[in-house]
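I opened my notebook for a friendly look around this structure. Here is what I looked up, entry by entry.

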Amino acid sequence: MEANLSPTQTRKRNLKSVVWKDFDLIEENGKEKAKCKHCGMKYSYDCKKGGTSTLQRHVRKCHRSESNQNGLLLLSQLGERDFINDSEDKVVDMDEEEEEEDKIEEDPSFEYKRKRNRKSSVWSEYDLVKRDGKQKAKCRHCGIEYLHDSKRSGTSTLQRHVRKCLKLGPDEMSKGAVAANTDSPIPPRANVGQLLLPQVSWNGDTSTPCAEKVNHVEKVTRVEKINHVEKVNCVEKVNHDIFREKIAMSIVKHNYPLDIVEHEGFRDICSYLNANVKHISRDTAQEDIFQLHKKQKVLIFKRLSPSPGNVCLTLDLWKSGTTDGYICLAVHFIDPDWVLQKLVLNFLHLQTQQEDHVTASMVVSVLGEWGIEEKIFSITSNNSDVTCVKALMDQLYLKGVLHNARSCFHVPCCAHILNLMVQEGLRTVNVAVEKVRGSVKYLKASEVTNALFLHTAMKLDLTPTRDLCLDVPTRWSSTSNMLDSCIAYQKVFEHLKLIDENYQDCPTSEEWEQIAAVSKLLKAFYDVTNMFAGSKRPTANVYFQGIWKIQMILKKEHSSSNEIVRLMADRMQIQFVKFWTVISPILAIAVVMDPRRKLSFVDFCYQKLYPETYILEVKKVRDKMDSLYRQYSSCKSTEITSSAAANMGSVAEANSTFDVDEIGEDLQEFASFQSLDRLSQMSELDFYIVEPPLPLNHDLDILHFWKSQEYRYPNLSRMARDILTIPISTVASESAYNSEGRVLDQHCSSLTPEIAEALVTTRDWLYGCKNLDRLGSN
């Protein structure tokens, strides 16, 4: 309830201030209040104690006040010395003013302290808050708080923060809400991204945040975050040790030439980024690479030393642009966490026509340096390196690190064998393949022939599902894709021959049959090669089924009615049979280590491949496994663990079908005794094979499985660790499909053997084997 009061009725003291021209004194709820005549705002007012400062501040900001609209004439009469124009004043919270007046009226002991006006325009970006009894200025955009004392503190720190606050977008900057100090070297609210590089105009002039120039290279600024407080500083002096190490790592990773550090363009970039940089020479870069190689070699030695199992070697022969060559020595092992690892240890230089025993001596020497000469389990190499591998085994045996000269496995490189088989097969059907290649070239020669081909396919109701692709003759994988894409359009090619007299390369019906047969074989080879040449480095248990599938296809094509196809299969079989004889027992043992397949899968595959002699072949595999297991059990009769015996006892008990009432309790006791006696004579390998296999569709990580079985099968798990590590190829990725082998590019061929080895090995240690293919010219 409001009631207007006259001055004579309510107070003895006259209202002399001119501010009362804009206010009415009213009574509301038993309290006197001053009500603005223009906007209706009310303030608690005690005529005995209260002043008019709050009312004067309100008049200065009241937009409906005639005094404010008439050039602030009234304010000049008030004699306010702290006046600032309305566009710069900080808007005062009316609720806070009213609460203060109420507090003055209710608490007589309250000592009134007039608030200091916040004149600076920076306060439009900050809020005053209290933290732990201290007053702080909090940025409205990013939330950073600064300690602020209204009596002592200035606003320089707050202005600097506003100029660099990352939360302020370009739209806010364009509005110019804050008028920053024009004397500052950094423009207000400058975008930090624009501070990082100088602005270059079309006439070549540059302008940067920092005016100082050193050797015509302008300093740039950067943002540092220290304890969540951002500061803009000039770039510090370059750490040249780190700079040189980064250059060495770039050369190693991307196979840059060593003299890139002497290129004028490279040096200009470095000088542009920082004037303090010191340029290096080719010899310095080479020395830095050697230092990086030594540092990484120490780390690799520490990774290789704690390996609990044996290691498998691969010897990969590289050709160079000169008459010399290189041999890449890589090691495969399973680390203590049961993760399959591969490391390139050395890249050894070979002289022209170097003797095999000399090469073997070099390999034995580096194996001794790495401390793994006594842990060699298998050696994988090309067929051309058979004599070298034999000499290597003989020298390891003479040093006493092998039980006999043939105690470790020699695995021929499957990629090399498949390349030889593919070349034999393509050579047999070369006429048909050349016609297909010529047909694809003819169709891709012009848009007219391509459009005619598509039109013919539509007339024959053959919707094109894939494009025809031309192969690269040296890469048989591309030849396989070309043949596979053309077989589906056989009728189109035959019809095109009738309507286009310029088309002369159409294969005959017999040649199409040959193409279909060789395409089927190449597809099988392609799938198997993808299996062992992938970047995931699969374990050895996945190889057996793919190799067995190739053998089955060759056996089937051997009985083909087409003479050319039969001849092709026979030529491939000659190359494959030597490889299959050596590799099949090793891969069969590896697949037995798969708990989803075990020995029954080998029995199934051999029964299809050798219908008459499969029992004998399976027995050879089992005898080989028993012999290998006895080596791991240290030639002692191994007893199965208590948990395995308990499990086996439950299995035997579940499989027993006799009835107690029929044979009596004595015979039942004898049967249990006989079962336990048989269990005590079984080895870990026997018990593992007798156990039922896991489901074939079971998603299994085989290394994780054997890791979990270490305590149940201690000896068999160590045997599985080494068997599953065996690689059947010395190459990886796209190099597996190249019929020309591994060839160094011109740049790497010109390097000295020492720097070439440092580059190859360091690249593998830092970035993995996938970067090794960058050395090749193919």
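Before the first entry I noted the cut-off: a residue counts as buried when its relative accessible area is under 20%. I also noted that this is a predicted model.

**Entry: one glutamine**

Is glutamine 514 buried or exposed? I found a relative accessible area of 8% for glutamine 514, so this residue is buried. I placed glutamine 514 in helix α19, which covers residues 509-533. Leaving aside residues up to four places away in sequence, I listed what glutamine 514 touches: Val429, Ala432, Asn562, Ile564 and Val565.

**Entry: a helix pair**

Next I turned to helix α20 (residues 543-557) and helix α22 (residues 598-609), which pack at an angle of about 15°. Their axes lie 10 Å apart. Angles under 35 degrees count as roughly parallel, and α20 and α22 are therefore roughly parallel to each other. I noted a left-handed crossing where α20 passes α22.

Which residues meet here? From α20 I wrote down Phe544, Gln545, Trp548, Gln551, Met552 and Lys555; from α22, Phe601, Phe604, Cys605, Tyr606, Lys608 and Leu609. I sorted the residues of this contact into eight nonpolar, two polar and two charged.

My last stop was an open sheet of three strands, ordered β5-β6-β7, with antiparallel pairing. At the edges I found β5 (126-131) and β7 (145-147), each pairing on one side only. The twist from one strand to the next averages 35°. I followed β6 (residues 134-139) to β7 and found three bridges joining this antiparallel pair. For lysine 138, I noted glutamate 145 in β7 as the bridge partner.

How values were computed:
Residues are numbered from 1 along each chain as its sequence is written. This is a predicted model: local features need pLDDT of at least 70, side-chain atom pairs count only at pLDDT 80 or more; totals for chains, interfaces and linings use all residues. Side-chain values use heavy atoms; hydrogens and water are left out. Helices (H or I, at least four residues) and strands (E, at least two) are DSSP runs, numbered from the N terminus. Buried means under 20% relative accessible area, exposed over 50%, partly exposed in between (1.4 Å probe, protein chains only). Contact means heavy atoms within 4.5 Å. Axes are lines fitted to C-alpha atoms, for helices over the stretch in contact, and angles run from 0 to 180 degrees between N-to-C directions. Angles under 35 degrees count as roughly parallel, over 145 as roughly antiparallel, 65 to 115 as roughly perpendicular and the rest as oblique. A crossing is left-handed if the near helix is turned anticlockwise from the far one by less than a right angle, and right-handed if clockwise. Ala, Val, Leu, Ile, Met, Phe, Trp, Tyr, Cys and Pro count as nonpolar, Asp, Glu, Lys and Arg as charged, and the others, Gly among them, as polar. Two strands pair if DSSP finds at least two bridges between them.
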